[in-house]
2 protein chains.
Amino acid sequence: MSILGAYEALAKSGISPSANIKFFFEGEEEVSSPHLKEFLDANSDLLQADLWIICDGPRDVFGRKMAVFGVRGDVGMGLTVYGPKRPLHSGHYGNWAPNPAWLLVDLLASMKGLDGHVLINGFYDDVQPLGRAEKDALAAIPNPDSILQGELGIAQPEVSGRSLFESLQLPSLNIKGIQSANIGPIAANVIPVSAKAALDLRLVVGNDSHRQVEKVLEHIRSQGFTVIDHEPTDAERSQIARLIRVDIGSGYNAQRTSLDLPEAKAVAKAIQATTPEPVILLPSMGASLPLIVIERTLGTKIITVPIANYDDNQHAENENLKVQYLWDGIETYAALMTMAW
Amino acid sequence: MSILGAYEALAKSGISPSANIKFFFEGEEEVSSPHLKEFLDANSDLLQADLWIICDGPRDVFGRKMAVFGVRGDVGMGLTVYGPKRPLHSGHYGNWAPNPAWLLVDLLASMKGLDGHVLINGFYDDVQPLGRAEKDALAAIPNPDSILQGELGIAQPEVSGRSLFESLQLPSLNIKGIQSANIGPIAANVIPVSAKAALDLRLVVGNDSHRQVEKVLEHIRSQGFTVIDHEPTDAERSQIARLIRVDIGSGYNAQRTSLDLPEAKAVAKAIQATTPEPVILLPSMGASLPLIVIERTLGTKIITVPIANYDDNQHAENENLKVQYLWDGIETYAALMTMAW
């Protein structure tokens, strides 16, 4: 709405954009953009452009405007570990029947150290280091950690002494959900039939989503599990003590645009003209967008200019957008549509 | 219904019981019998008896009739570990904000070894060894393990080489449920705000429920957690990195009646008269009943005579009772009501 508002305001004011503008609205990003590549391929002539500007993500904690030059990649994995074929009374069978929740917590605990570092072999190996301009830009960003810690009730970050923005330049391994039977008032005295976890792997430049998933699978196997891609058969259950079903999501790699490009400097300058506060230049946001697909398919350049407030509860209940940020977004995008370059 | 059917059949047949019979029906056993002690205290004169016979639990895998001379005790614990105060986008904060699911799996994994043995200090210390008669009775019970393993799809039991009936004579630590955010198609890319587990501790003779819970709490503290009994305040969240809320259920201890008592022999003989198969004499079932409360409050003796089929899906979906077992139960209880002693 900010983009359209900006375009409408320029048209009504009789101001011409400084470039031809094409609008592209992707409605499947939250389900991993399954048709994006196909659409880009089918319309590559129509979609040729010198620069793509992506409107997504939040501005910084201090409310300053931002330009973001990269995104992490993302791939999801679903894990299911199996127990007895039917739920068993935990009294009559407890201590004897293997409990899949124990197997799952053992496996997950083996993946990450108490110090927050991922223990999977080679997990950090492919990371391509930041360049000089990216390191300088990172160093110039005011550290939001203590404000965030206070607001979110975080006594200390996952890795002691590593700042938020440093952390986001590394691949991550996140448990986004875990479940086995029930908890609280509806918990029953049972040995559950299965235990499940959903993992979310963020990738940085240098990582490949298939290679990163393979490292996790290799780790799972090293813990004595046999990996399958289906519900186990009776024969598999009776012969294999540690069975795990792994469902691998469709993922994509990270993308980064050099801060040294003339387009990068032009975008930064245009945003800076709309605000007295210094504009934040972030080498990569922590979140993921399939920008690598756009970059590779069309051979173009991409810069993201976020407009949402950082505390927008994205992907959770009470998702919100502050009205001032919507308004700021109109100004920012009007400036980008008329920027000198 | 078997008990009442047996009594009705005797009455209609003009057969007198061999003792005065009192019926006692407890309707709150599945919610830890919160009013049992109070009721026994208030009616102790009325409830005086030489022997209590309890109708609960399953017969053995081979369908033979059983008498059971003890039960495990039971106590539940609910664990809640905390993350950020609101769910966070796993891209924008992943690698930085502590994830409570990682903390919980680390904690749980530290409680039990990969070999199935509980690693909590002193967990097995208080176990009172079985007597000669109990050991002999256990040794005489045909081993159901391979049948159960085939039926339940269990490639190997939790502790390699330890039979079902041996396992049930030890205290247990079971994860009856675990949950953090969501899994499967509704999983979102978030860092969850909390992770919860429900534990179920079975106790044997020698264990005390408070002492066993204290061992678990001591272990949790040894892993760097601060234990609280309420939702954390903002001050607690911002000062303490590893906060865990522990909710302790009302528990009770195990109970065991000596196989050497004349009442034990009389009950075994009465049941044996109703079946050509040898009657199983089990020193203790794995499940729990608050028999210790009855024994101590009334100063009486207690023997359990189960009638349900072992595959009754107790405490789970498709709970069932085979009609033949209901009928067998009528015969068994009619024999007990008329037994010589």
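The model is predicted: local features need pLDDT of at least 70, side-chain atom pairs count only at pLDDT 80 or more, and totals for chains, interfaces and linings use all residues. Residues are numbered from 1 along each chain as its sequence is written, and chains are lettered from A in the order in which they are written.

**The interface**

In chain A, 76 residues are in contact with 75 residues of chain B (contact: C-beta atoms, placed from the backbone, within 7 Å). Strand 6 of chain A, with nine residues, gives the most to the side of chain A that touches chain B (strands are DSSP runs of E, at least two residues; helices are runs of H or I, at least four; both are numbered from the N terminus). The residues of this side are divided by class below (nonpolar: Ala, Val, Leu, Ile, Met, Phe, Trp, Tyr, Cys and Pro; charged: Asp, Glu, Lys and Arg; polar: the others, Gly among them).

| Class, side of chain A touching chain B | Count |
|---|---|
| Nonpolar | 37 residues |
| Polar | 27 residues |

Strand 6 of chain A runs antiparallel to strand 5 (residues 172–181) of chain B, joined by five bridges (strands pair if DSSP finds at least two bridges between them). The bridge partner of A:Ile178 in strand 5 of chain B is B:Ser180.

**A helix pair in chain B**

Helix 10 (residues 262–272) and helix 12 (residues 323–337) of chain B pack at about 135°, their axes 9 Å apart (axes are lines fitted to C-alpha atoms over the stretch in contact; angles run from 0 to 180 degrees between N-to-C directions). In this contact, B:Val267, B:Ala270 and B:Ile271 of helix 10 meet B:Thr332, B:Ala335 and B:Leu336 of helix 12. By class, the contact of helix 10 of chain B with helix 12 of chain B has five nonpolar, one polar and no charged residues.

How values were computed:
Two residues are in contact if their C-beta atoms, placed from the backbone, lie within 7 Å.
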